Amino acid sequence: MAAPRKVTGKGGKRAAARRPAFVVGIGGSAGGLEALEQFFAHIPPSTGMAFVVVTHLDPDHKALLPELIQRVTAMPVREIEDGVRITPDTVLVMPPAYDVVIEADVLHLRPRSPRRTVHLPIDVFFRSLARERGQSAIAVVLSGMGTDGALGLRDVAEAGGRTLVQDPKSAAFAPMPRAALAAVPSAVVARADQLPAQLTVNIASIASIGGDTPAPAAAGAGRPLARVLDGVHRHTGYDLSRYKPSSIQRRVERRLVVHKLATLDAYATYLDASPEEAQLLLSELLIGVTQFFRDEEVFVTLRDVALPALLAAKDAPRTLRAWVAGCSTGEEAYSLAIVFREMLAHAHALDVAVQIYATDIDKHAIETARTGHYPHDIASQMSAERLADNFVRDDGGYRIRKELRETVVFAHHDLITDPPFTRLDVLCCRNVLIYFQSELQQMLMPRFHYALAPGGLLVLGPAESVTSAEELFTPIDPKGKVFQRIAALRPSSKHLELLRGVRPGSTTGAQAPRLEPTLAEAAHQIIVDDLAPVTVVINDRGDLLYSSRRATRYLEPPVGKVNVNIYAMAREGLGRHLGIAIRKAIERRRRVMLPDVLVRGDRGTYRVDLTVVPMTEPASLRGLLLVAFSEVPVRAGTATKGKQPRATRTTRAADRELAQTKAHLQNVVRDMEISQAQLEATNEELQSTNEELQSTNEEVTTSKEELQSMNEELVTLNTELEATNDHLATANDDLRNLLNSTKIPTLFLDNALRIKRFTNEATRIANVIAGDVGRMITDLTLKIAYHELARDVRSVIETLVSTEIPVTGLDGTRYAMRIHPYRTMDNLIDGVVITFFDVTSLRLAEEALAIRASDDAIARLLDRWPGMVYLRDLALQRDVYLNERARACLQAVGGAGERFESLFAPPSADDTARWLVRLEALRDGEVVTRMLHLRDSSGAYTPYRARESVITRSPTGAPTRVLSVIEAEFTPPVSGQTV
């Protein structure tokens with residue numbers, strides 16, 4: 001066996017200076033050495049990758065794994081030391097009693113915590129690998145027991161890394177690969193000896209399509225990527241076009257690698273013809289990284305600060321409503337339910353009901369969440385007290401307690417297209433917005449504001465914020481990302497533009513906005529701000545959307561409640577003229593100008609030309625109005641011609657103002673007449689509508705009574721179902737306790753010979769665990785000396801005739817195996833029930849009776865034998881039979897209660913061992929001869945020759961009863977003869 005080589009000297013320094021392109025984490029069981037050997041035997045010695053092996057080891061286990069792996073690979077293999085740097089083409093193996101993490105390409109050892117109930121070293125390393133290496137991380141799960149590695153594998157996939165899993169059918173221990181595939185269905189699956197080829201092809205394909213840097217490929221990937229998303233939409237119904245292209249493209253590239261395709265166009269063509277691939281890609285895109293109490297400080301803030309304040313502010317609250325958007329497999333929803341429960345218990349408000357809606361776009365994740373069952377791994381995500389208070393442990397992991405499960409309702413829901421829940425106290429949307437484009441994030445913020453009740457709480461992820469909606473939410477704990485809803489006085493211009501389709505500041509290109517304006521831009525800005533007329537942009541209701549500098553000369557903020565309407569902000573003398581001009585511009589759909597309008601401001605009176613222009617281009621501004629204020633300059637040169645009389649100037653000004661006033665009044669009168677006619681028509685319509693509403697109200701009242709009646713029926717039916725459910729739960733508990741209390745090994749199989757259920761005692765018959773439910777009975781190792789079980793089960797299913805077969809356990813226990821058809825309530829056959837009754841004592845009693853009967857017949861024949869004959873039981877160490885001469889010898893020489901064998905000279909241990917070996921080697925009917933020394937009444941030993949034969953044997957072939965015939969006379973052997 002070759003010793004593991006150390007990376008030392010100059011070569012080692014050069015290797016340390018190079019950063020491996022990829023880091024491969026390999027998780028498995030220490031008992032799965034065969035899978036590790038097959039994997040490394042097929043890895044080329046120069047791949048440029050670093051390999052880190054993490055297995056389940058007993059803390060006191062002697063570390064031999066490096067030496068065992070070194071036998072099959074040319075790469076140096078060594079045990080990890082704290083602070084060692086990873087190097088290319090090197091295999092590092094985790095030592096016992098430690099966890100290992102990677103930080104800045106350096107491996108650190110952490111002592112295994114003695115308090116942790118479940119040790120999950122693979123998950124610990126995979127998660128650190130995902131954080132450290134991201135897209136250059138590779139996670140491999142090999143044969144092993146339990147579910148360790150599944151959650152870490154999902155983290156690697158979410159970070160953009162590659163995931164490979166050994167085919168469970170080829171694994172010596174399938175639970176770990178099965179759990180990994182359940183967490184990441186899109187992982188590459190192959191036998192352990194085929195995974196290296198998949199790995200090298202994977203890496204080569206990455207290099208051929210541009211490696212892990214998506215920017216170069218993204219420039220020309222728009223159209224093919226759009227084709228891919230269209231294919232997903234067509235096959236699955238999910239529209240992912242508003243997700244961030246970068247995160248989508250990384251996952252699509254992984255599918256290219258799996259199918260060995262070079263371009264997105266080729267993959268889009270393949271996707272068009274494969275609905276199954278669309279589902280796999282969707283599952284890859286919807287991988288949700290979640291765990292219980294992720295970022296625990298957020299939940300501490302909720303429990304200790306935000307929720308108590310929310311509860312205190314509510315008037316006699318009876319129900320707290322919450323919505324967890326993007327709940328994935330339910331960990332976050334249940335975490336929130338636990339926090340609610342702890343908060344209410346501390347506040348002594350146990351009469352307050354909690355209703356949590358948890359939604360996700362992934363239907364498979366919702367199904368997992370509804371079961372409320374999680375692997376043993378979750379013990380590392382919360383304290384032991386919290387785990388015991390809220391979960392029930394079973395053979396497969398932990399199940400959420402019933403009273404907590406009933407507070408959460410899971411539903412399929414698309415956050416983008418489906419309407420939100422309303423009147424919420426808490427809206428938890430953590431690490432969902434980071435996958436959306438910024439415009440979609442801005443659109444969702446007003447929707448969240450609408451969904452929350454006044455004072456409600458918005459909880460976001462650590463990388464998310466409300467920067468685009470600061471007027472809608474105020475931070476309670478910005479670090480923890482907990483925000484409170486505030487009442488918005490009026491939607492901001494930013495939201496108005498968004499609702500109209502205007503995208504302020506958005507850009508479709510990949511270039512970032514320039515920080516410094518160009519010369520043309522600077523000149524244009526000076527012209528607009530300093531030389532051009534003052535302008536504002538309004539909508540048809542007069543709401544201000546944009547204003548240039550110096551607008552306060554003609555508009556002023558109103559006193560009191562904030563109002564950004566131009567009519568409320570117009571200075572004295574401007575209001576009625578604005579109304580006339582804006583109304584005419586809207587009606588005529590063309591430019592309207594009112595000259596020489598008198599405006600009274602803070603610093604005197606101004607004369608302005610008022611212009612209103614309806615905007616039609618670009619399309620994003622269609623429907624808005626541009627209002628321009630051009631100040632009329634004072635005319636010079638009038639002094640040379642002499643001044644006009646003051647009275648004349650005043651009269652002309654009064655005449656102009658009077659004419660404008662008359663025009664305004666005429667417009668008002670005309671508008672009033674039109675309005676009166678419209679009001680009369682409206683009144684008639686309202687009367688007609690009122691009659692229709694009365695009729696509709698009667699129908700609604702009738703429908704309400706019907707709904708109330710139906711609701712009462714549903715409440716009654718629900719009560720009956722709850723009672724039935726409780727009855728079934730009690731019956732199930734009774735049945736389980738009954739089966740376990742009988743101590744009878746029992747197996748339940750379906751028609752395909754798959755295990756449906758088994759009792760605890762069944763482990764005496766077969767190597768079966770909870771994870772084996774659903775496996776074929778032929779896949780299990782049986783502990784009985786019987787190999788026709790599958791044949792007999794099929795015979796019972798075909799003939800519907802029960803059968804009983806005697807079988808013997810490998811430990812010598814004897815069973816009566818009974819196979820009965822399994823009949824359902826509908827009298828259908830749905831498999832068989834196999835029971836094993838322990839009949840060892842009964843069989844021994846029967847054999848004893850048979851032996852006693854046969855002994856009487858033998859005794860009459862052997863009592864006349866001239867020599868001594870005796871039959872002894874080696875297993876029970878007792879005499880079964882002595883003939884008359886042997887009994888006489890025992891009476892004359894031995895004492896009361898002694899066995900006949902006690903008369904022999906005690907043999908040495910070596911002689912006894914050799915004698916037993918010779919007996920085991922005997923075939924039926926053969927005789928072995930040995931020399932015995934028999935004690936006489938004087939205490940002296942006389943040599944005798946004994947011929948011995950094996951009468952019965954155990955199921956394993958060991959002799960159990962031996963018959964010895966001792967000759968009456970003995971002739972000493974000739975010198976040199978072997979007896």
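**Group meeting: cores, a cavity and selected loop residues**

Let me begin with the largest nonpolar core, which has 45 residues; those touching the most other members are Leu302, Leu307, Phe340, Ile356, Phe391, Phe410 and Val426. A nonpolar core here is a set of buried Ala, Val, Leu, Ile, Met, Phe, Trp, Tyr and Cys residues joined through side-chain atoms within 4.5 Å. Buried means under 20% relative accessible area, exposed over 50%, and partly exposed in between, with a 1.4 Å probe and protein chains only. Helix 14 (residues 331–346) provides the largest share of this core, nine residues. Apart from this core lies another, of 44 residues, including Leu256, Leu271, Leu285 and Val466.

A word on the source: this is a predicted model, in which local features need pLDDT of at least 70 and side-chain atom pairs count only at pLDDT 80 or more, while totals for chains, interfaces and linings use all residues. Residues are numbered from 1 along each chain as its sequence is written, and side-chain values use heavy atoms, with hydrogens and water left out.

The protein chain comprises 27 helices and 35 strands; these are DSSP runs numbered from the N terminus, helices being H or I of at least four residues and strands E of at least two. Of its 979 residues, 41% are buried. Contact means heavy atoms within 4.5 Å. Among contacts between residues at least 6 apart in sequence, 61% join residues at least 24 apart.

Ser328 is in the loop between strand 11 (319–325) and helix 14, and His348 is in the loop between helix 14 and strand 12 (353–360). Most residues other than glycine have a negative phi. Ser328, however, has a positive phi of about 55°, and the phi of His348 is likewise positive, near 55°. Are these residues buried or exposed? Ser328 is buried, because its relative accessible area is 9%; His348 is exposed, because its value is 70%.

I turn now to the cavities. A cavity is a set of points, on a 1 Å grid over the protein atoms alone, where a 1.4 Å probe fits but cannot get out, and lining residues have an atom within 4 Å of a point. There are three cavities of 30 Å³ or more. Helix 22 (575–588) and helix 23 (646–741) each supply at least two lining residues, and helix 22 gives the most, with four.

Two further loop residues deserve mention. Asn565 is in the loop between strand 22 (544–547) and helix 21 (566–569). Asn565 counts as buried because its relative accessibility is 12%. The Asn565 side chain reaches the backbone oxygen of Arg541 at 3.0 Å. Not counting residues up to four places away in sequence, Asn565 touches Arg541, Gly542 and Asp543.

Ala762 is in the loop between strand 27 (755–758) and helix 24 (789–799), and counts as buried because its relative accessibility is 1%. The C-alpha atoms of Ala762 and Thr746, 16 residues apart along the chain, are separated by 5.7 Å. With residues up to four places away in sequence not counted, Ala762 touches Pro745, Thr746, Leu747 and Val768.

Terms used. A polar contact is a pair of N or O atoms within 3.5 Å; within protein, one must be able to donate a hydrogen and the other to accept it, and residues adjacent in sequence count only if both atoms are side-chain atoms. On a 1 Å grid over the protein atoms alone, a cavity is a set of points where a 1.4 Å probe fits but cannot get out, and a pocket is an open set with protein on both sides within 12 Å along at least five of seven lines; lining residues have an atom within 4 Å of a point. Grid points are joined across faces, edges and corners, and a volume is the space filled by probe spheres set on the points.
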